[in-house]
Amino acid sequence: MSSICYDLTKIKGFVFDVDGVLSPSTIPLGDDGMPQRMVNIKDGYALQLAIKRGYRIAIITGGKSKAITARFNALGIKDIFSGVAKKLPVLLDWMATEGLNSDEVAYMGDDIPDLPCMRNVGLAAAPFDAAWEAKESALYISRFSGGYGCGRDIIEQTMKANGNWLSDDEAFGW
């Protein structure tokens, strides 16, 4: 049984911010002044499994680094938009390209730059430690903080609602 008050059988695509969602809000800086992001392995497992099951996934982030692109490409995500200052036009273009209606998309964001996107999808979600403005715009607030499994939380609940979480032997590998 899902704790998300939304018809999860509608969801065909997921869009995630990175900093504060798929990585923790606190990020160490390298000697060069560039952020050194951490990622959650359980989020990664869920992301790659969702792709195998035919869900469309995009990353839209203000952050810009080769590490972000490399990490999410390695999981099979092809639609990675980094260095994005205004996320909504990118989201709307991606949805149009993928042929998705707003009610078929879940967006998880944690802060003010995510609000326009959260207000233009069917399922707006936020990590437990999101800014209050994001929580206020979210239909669902994960019990997990950013970088600590909130991505997996929403993917797993959606896939379970659709009967494709751990549904065959393919789920037990990378």
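Reader: Which residues line the largest cavity?

Author: Leu22, Val39, Asn40, Asp43, Gly44, Leu47, Arg71, Phe72 and Leu75 line the largest cavity. The model is predicted, so local features need pLDDT of at least 70 and side-chain atom pairs count only at pLDDT 80 or more, while totals for chains, interfaces and linings use all residues. Residues are numbered from 1 along each chain as its sequence is written, and side-chain values use heavy atoms, with hydrogens and water left out.

Reader: How is a cavity found, and how many cavities of 30 Å³ or more are there?

Author: Rolling a probe the size of a water molecule over the atoms shows where empty space is left. On a 1 Å grid over the protein atoms alone, a cavity is a set of points where a 1.4 Å probe fits but cannot get out; a pocket is an open set with protein on both sides within 12 Å along at least five of seven lines, and lining residues have an atom within 4 Å of a point. Points are joined across faces, edges and corners, and a volume is the space filled by probe spheres set on them. Here, searching the whole structure gives 1 cavity of 30 Å³ or more, and the largest cavity has a volume of about 30 Å³.

Reader: Which elements give two or more residues to the lining of the largest cavity?

Author: Helix 1 and helix 2 do. Helices (H or I, at least four residues) and strands (E, at least two) are DSSP runs, numbered from the N terminus. Helix 1 has the largest share of this lining, 3 residues. By class, the lining of the largest cavity has 5 nonpolar, 2 polar and 2 charged residues. For these classes, Ala, Val, Leu, Ile, Met, Phe, Trp, Tyr, Cys and Pro count as nonpolar, Asp, Glu, Lys and Arg as charged, and the others, Gly among them, as polar.

Reader: Phe72 is on that list. Is Phe72 buried or exposed?

Author: Buried means under 20% relative accessible area, exposed over 50%, and partly exposed in between (1.4 Å probe, protein chains only). Phe72 has 3%, so Phe72 is buried. Phe72 sits in helix 2 (residues 66-74). Contact means heavy atoms within 4.5 Å. Not counting residues up to four places away in sequence, Phe72 touches Val18, Leu22, Leu47, Ile59, Ile77 and Ile80.

Reader: Now for pockets: what is the volume of the largest pocket?

Author: About 250 Å³. The largest pocket is lined by 13 residues, and the closest to its centre are Arg143, Asp153, Glu156, Gln157 and Lys160. Helix 6 provides the largest share of this lining, 6 residues. The lining of the largest pocket divides into 4 nonpolar, 3 polar and 6 charged residues.

Reader: Lys160 and Glu156 carry charged side chains by your classes. How do their side chains meet?

Author: They meet in a salt bridge, 2.8 Å from N to O. The term stands for a side-chain nitrogen of Lys or Arg within 4 Å of a carboxyl oxygen of Asp or Glu. Lys160 and Glu156 are 4 residues apart in helix 6 (residues 150-161), so about one helical turn separates them. Glu156 is buried, at 19% relative accessible area.

Reader: How many salt bridges does the structure hold?

Author: The structure holds 7 salt bridges. Lys87 and Asp17 form one of them, at 3.1 Å from N to O. Lys87 lies in helix 3 (residues 87-98) and Asp17 in the loop between strand 1 (13-16) and helix 1 (41-52), so this pair ties together parts that are 70 residues apart in sequence. Lys87 also forms a salt bridge with Asp114, where the closest N and O atoms are 2.8 Å apart. This second pair links distant parts of the chain, 27 residues apart, with Asp114 in the loop between strand 4 (105-108) and helix 4 (115-118).

Reader: Which residues does Asp114 contact, leaving aside neighbours within four places in sequence?

Author: Asp114 is in contact with Asp17, Lys87, Tyr107 and Gly109. Asp114 counts as buried, with 1% relative accessibility.
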